[in-house]
Amino acid sequence: MIKKITSILFLTTLTLNLSISQDKIPFMNIKTIEGRTINTKSLSNKDGLTVYSFWATWCVPCINELDDINKEIEKWKEENVKIIAISTDDSRTKRRVRPMINGKDWDFEIFVDENQDFKRALNITGIPHTIVAKGSKIIYRRIGYKPGEENILYEFILSQNKNSNEKI
Amino acid sequence: MKKSNNFFIFIFIFFSSVSIHSQFFENLNSSFESYSAYYMDDKKTGDFNQEDRFRSNNYLNLKSNFSKNWYFELQVESYLPKSLLNYSPNFKNTNVSTLKIDYIKNDLNLTIGNFYEQFGSGMILRTWEDKSLGINNSLLGLNANYQLNDQINITTLIGQQKKGFKYSKGYVLGFDSEFDLSKATKNNSTFLLGLSYVGRDDQEVNNRNLKSMTSLFSARVDYSSDSFYTNFEAVQKTNNPILVFGIPSETFIKKGSGFLINTGFFKERLGFDFTFRRLENMSFYSEIQSAGNEYNESILNYLPALTKQHDYSLTNLYVYAAQPDVNFYVEDLMKSGEIGFQTDFYYLIKKDSFLGGKYGTSISLNASLWNNLAGEYDFSNQSYETNLLEFGEKYFSEFSFEVRKKWSDNFENIFLYVNQYYNKRLIELESGIVKSNILVLDNTIKIQNNRSLRIELQHLSTKNDYRNWYAYGLEYNINSDFSVYFNDLYNYDNPNDEKKINYYNFGGSYSKGMNRFTINYGRQRGGLVCTGGICRYVPASTGLTFSVTTSFL
């Protein structure tokens, strides 16, 4: 038993020791909503920040988050933010993606990560999961969504934009 | 334990040697997930009478882009002292679960090691990982993918399939090609054509009537325009033995097939989707002997139930699972697959209209119907002939209606009505049919300073099986990091007083950035549980569970 606990501790310490360095959006293939294969390097917003939101049609908190952002999408757009919603629906539910986004009138770019390769490459352990990137550099990540958290994300984006304006 | 010690030495040497290559660490990212439980005796549901009350599943994943075009991934898993309930006993001790190196340059992607792959909708091949379901059926071998001029995408692979920490004896071969013919179409539409092959060679097959190789062929087309899409996929499977009392038969051998048609249209604020599917003798395993195992091990293709995936506990009491297999149990209980459809409709009532209010109102409808294949079944001679488009006895049907409405800046709710028909006799080989009506009301109230309260009320009414249930849940988000909850599920109308059990749970979660900690105490029925913003499947049990998930940049 002691040995077993030691090995768990070993793994934990190893992980903690490895907490180094920056992270980037990995370049790999995902699909457009029409089924075409494209590379993730073409996703990022050239002039501003990019928000990647990992969701699925069956995930109620994910839909709550995207609905809440969409309700005030105009103010996000003013901040020159590109919002990309990555559906992790597999073939059980992916057919629901297109009707749902139109039925909800979401104003996001939607891509499909059907076998969760992009999600796995980013070490995402559960959805909803939100990432903010500047170019391909990740500057913010958050797991889960609780009502009101979209405001925290919005304020983070405001502060980032303010910082970069000050630099100019 | 000795084996794992050797393993740690290997890891140590590996990291020491690559650390010379400092780029390895500079571009490293890792994640760690740990799910533990302490199982307790329960006066109502019975004692815990298995070994090891404390159990824990641990996953450490490391990835690195260690050189310009080279990527490395290692996942080590520890099930100590044993894996959580409902996980395969093949997950034991500590071992390497994934080890791979990718070479990615321009349009070429080569992988050596463990990889995940999917062809088409997965009807012919899908390998994937889902920790909450205990599935990790990657292939260990070689995978090459090449994309030519953005128009032709070719994948070839060969490997052995992972089963716990072991590998299948047989080989799996695969080939997939996808052609983008959109340029040949007018305007802005997309037209894709795909052809695939998957072969499984199981040398353990010792049967004069059967070759060791089983092959699957598939063809698919995908068309979509600005407001319309349609796709079609057909699969043929060569001879495969039918399981008789859990053992592959030497004489009852049949081909298999699968057809899927999906179509839909959409415009602003409106979407419609329809899917038809027919499966006959379609499940596919890397080892014939593993067919039908309860842990979904050695499974090579993905045949999900095409029904609405629900998020609430009472809507998940009678869940349909796809019925792709041939099973001859008794003379009046013979099945050979499934046929049916599912349809979805979404509509957003405009903002600032009478029904739409200030924020708009979302409405969605879903209906599904799944039946056995009709045909001539001969129990004594073990044979059958099905009719292509005829529906047999009903397995399952469902109709649901959902309205999402935000009333003010601080209050919104979801109303859901579900009507279900569940043929317990035909699906679970138990007695009876369950017809039920379910109502759900999910309310969210935002309070100042990122606080919010969620109140969930559910009721299931049925005259069948265990009769009526109610459920309620309270979730209080103290701030954006902390959340606590209590929920209860009660079979108040059960004719047997002893079976009137409260399935209560309470706990909390803390999440900050990439870290998340949860703790829960209670009695689990099992099923999909979503709390504090994360959904996962939980096994049936009573006890204390806790989890840690974290990733490092």
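1. The radius of gyration is taken here over C-alpha atoms, and the globule rule is 2.2 Å times the number of residues to the power 0.38. For the 553 residues of chain B that rule puts a compact globule near 24 Å, and the chain has 25 Å, which agrees. Its C-alpha trace spans about 65 × 60 × 55 Å along the principal axes.

2. This is a predicted model, in which local features need pLDDT of at least 70 and side-chain atom pairs count only at pLDDT 80 or more, while totals for chains, interfaces and linings use all residues. Residues are numbered from 1 along each chain as its sequence is written, and chains are lettered from A in the order in which they are written.

3. Chain B has three helices and 33 strands, these being DSSP runs numbered from the N terminus (helices H or I, at least four residues; strands E, at least two). Of its 553 residues, 54% count as buried, that is, under 20% relative accessible area with a 1.4 Å probe and protein chains only.

4. Strands E14 (residues 190-201) and E15 (residues 213-224) of chain B pair in the antiparallel sense over twelve bridges, where pairing requires that DSSP finds at least two bridges between two strands. Within this pair, Ser196(B) has Ser218(B) of E15(B) as its bridge partner.

5. E15(B) is also joined by nine bridges to E16 (residues 228-244) of chain B, again in an antiparallel arrangement. Here Tyr223(B) stands opposite Thr230(B), and E15(B) and E16(B) form a hairpin with three residues between them.

Technical notes
Heavy atoms only, no water. Buried < 20%, exposed > 50% of the residue type's maximum accessible area, 1.4 Å probe, protein only.
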